[in-house]
Amino acid sequence: MVVASYNTFDWAFRGINLNARMYIHVKPMRITILRLGHRIQRDQRITTHVALTARALGAEGMLLDSDDSGIEKSLNEAAARWGGSFYVRRIASWKSEIKKWKEAGGKVVHLTMYGINLPDAIPQIAADRGNLMIVVGAEKVPPEIYELADWNVAVGNQPHSEVAALAIILDRLMAIEGKDALRTQFTGGEIEIVPKKRGKEVISKSITHTRKMWACSVRSMGNWLTRRHK
Ligand SMILES: C[S@@+](CC[C@H](N)C(=O)[O-])C[C@H]1O[C@@H](n2cnc3c(N)ncnc32)[C@H](O)[C@@H]1O
């Protein structure tokens with residue numbers, strides 16, 4: 001009897017474990033970017049590219065350690081035209097943002113060519129599966145960031161660009177989730193590209209929507225007529 005009840009408990013316990021694991025597997029990883037050291041005159045273009053890349057490859061938003069409102073404006077314009085809910089938020093204290101993120105259970109990856117090479121770091125990040133803040137520098141970053149980060153990660157131990165480093169890590173992180181970063185979907189917006197072998201085609205989403213509604217009504221009418229005349 002004792003053995004039987006132990007087994008029942010054991011199976012129930014395994015059930016809970018299984019549910020917990022399944023829950024962890026379906027919960028999507030939230031990824032936000034922290035852009036450090038942005039200089040208003042020098043880095044406007046590259047910071048805009050960091051944000052556009054983050055948006056295109058599935059991050060939810062970017063915290064900007066600067067009072068530059070231009071980046072926020074460009075990204076809001078991009079979201080209005082191309083869809084999605086990517087945000088740029090200017091912050092006054094990057095340290096307190098990291099503190100808040102960690103208190104909420106999130107982890108921090110700092111991109112630096114001096115860190116552990118991405119292929120060696122990714123198994124640990126994948127095992128953790130927590131929400132991630134990815135820190136991307138512009139000028140020399142404050143040394144504390146190396147201590148505050150959970151992982152200092154190099155995208156190859158050679159100097160290159162923050163945009164390239166971000167694109168590669170996002171691609172690999174999405175792969176952990178079983179997602180293809182290049183197939184990120186964007187709802188809303190005004191326009192979308194029709195991929196073509198040659199040339200360019202961009203269509204208005206409201207036209208697509210009208211076409212879909214029209215096709216749907218024609219299909220429903222067809223179904224109704226078929227049913228009536230059976
Ligand atoms: C162009 S670098 C400038 C680095 C700056 N001169 C310094 O010494 O810290 C700007 C940012 O690009 C990113 N970066 C550049 N090369 C990288 C690499 N190999 N791996 C990861 N991140 C890299 C880092 O986030 C870095 O802060």
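Visitor: What is the angle at which helix H2 and helix H3 pack, and how is such a value defined?

Guide: Helix H2 (residues 44-56) and helix H3 (residues 69-82) pack at an angle of about 35°, with their axes 10 Å apart. Axes are lines fitted to C-alpha atoms, for helices over the stretch in contact, and angles run from 0 to 180 degrees between N-to-C directions. The helices themselves (H or I, at least four residues), like the strands (E, at least two), are DSSP runs numbered from the N terminus. This is a predicted model, in which local features need pLDDT of at least 70 and side-chain atom pairs count only at pLDDT 80 or more, while totals for chains, interfaces and linings use all residues. Residues are numbered from 1 along each chain as its sequence is written.

Visitor: Which residues make the contact between H2 and H3?

Guide: On H2 they are Gln44, Thr47, Thr48, Ala51, Leu52 and Arg55, and on H3 they are Gly70, Ile71, Ser74, Leu75 and Ala78. Two residues count as in contact if their C-beta atoms, placed from the backbone, lie within 7 Å.

Visitor: What is the hand of the crossing of H2 and H3?

Guide: H2 passes H3 in a right-handed crossing. A crossing is right-handed if the near helix is turned clockwise from the far one by less than a right angle, and left-handed if anticlockwise.

Visitor: Why is H5 called oblique to H7?

Guide: H5 and H7 pack at an angle of about 40°, with their axes 11 Å apart. That angle makes H5 oblique to H7, because angles under 35 degrees count as roughly parallel, over 145 as roughly antiparallel, 65 to 115 as roughly perpendicular and the rest as oblique. The crossing of H5 and H7 is right-handed. Leu118, Ile122 and Ala126 in H5 meet Ile168, Ile169, Arg172 and Ile176 in H7.

Visitor: What makes E3 and E6 the edge strands of the sheet?

Guide: The open sheet has six strands in the order E3-E2-E1-E5-E4-E6, with parallel pairing. Strand E3 (87-90) and strand E6 (151-154) are its edges, as each pairs on one side only. Neighbouring strands of this sheet are turned by 30° against each other on average, direction ignored.

Visitor: Why is E5 described as mostly covered?

Guide: Five of the six residues of E5 are buried. A residue is buried if 20 or more other C-beta atoms lie within 10 Å of its own, exposed if 12 or fewer, and partly exposed in between, with C-beta atoms placed from the backbone. Across the protein, buried residues make up 23% of the 230 residues.

Visitor: What does the term nonpolar core mean, and which residues touch the most other members of the largest one?

Guide: A nonpolar core is a set of buried Ala, Val, Leu, Ile, Met, Phe, Trp, Tyr and Cys residues joined through C-beta atoms within 7 Å. The largest such core has 40 residues, of which Val109, Leu111, Ile134, Val135, Leu166 and Ile169 touch the most other members. Its largest share, six residues, comes from helix H7 (residues 162-176).

Note on methods: Two strands pair if DSSP finds at least two bridges between them.
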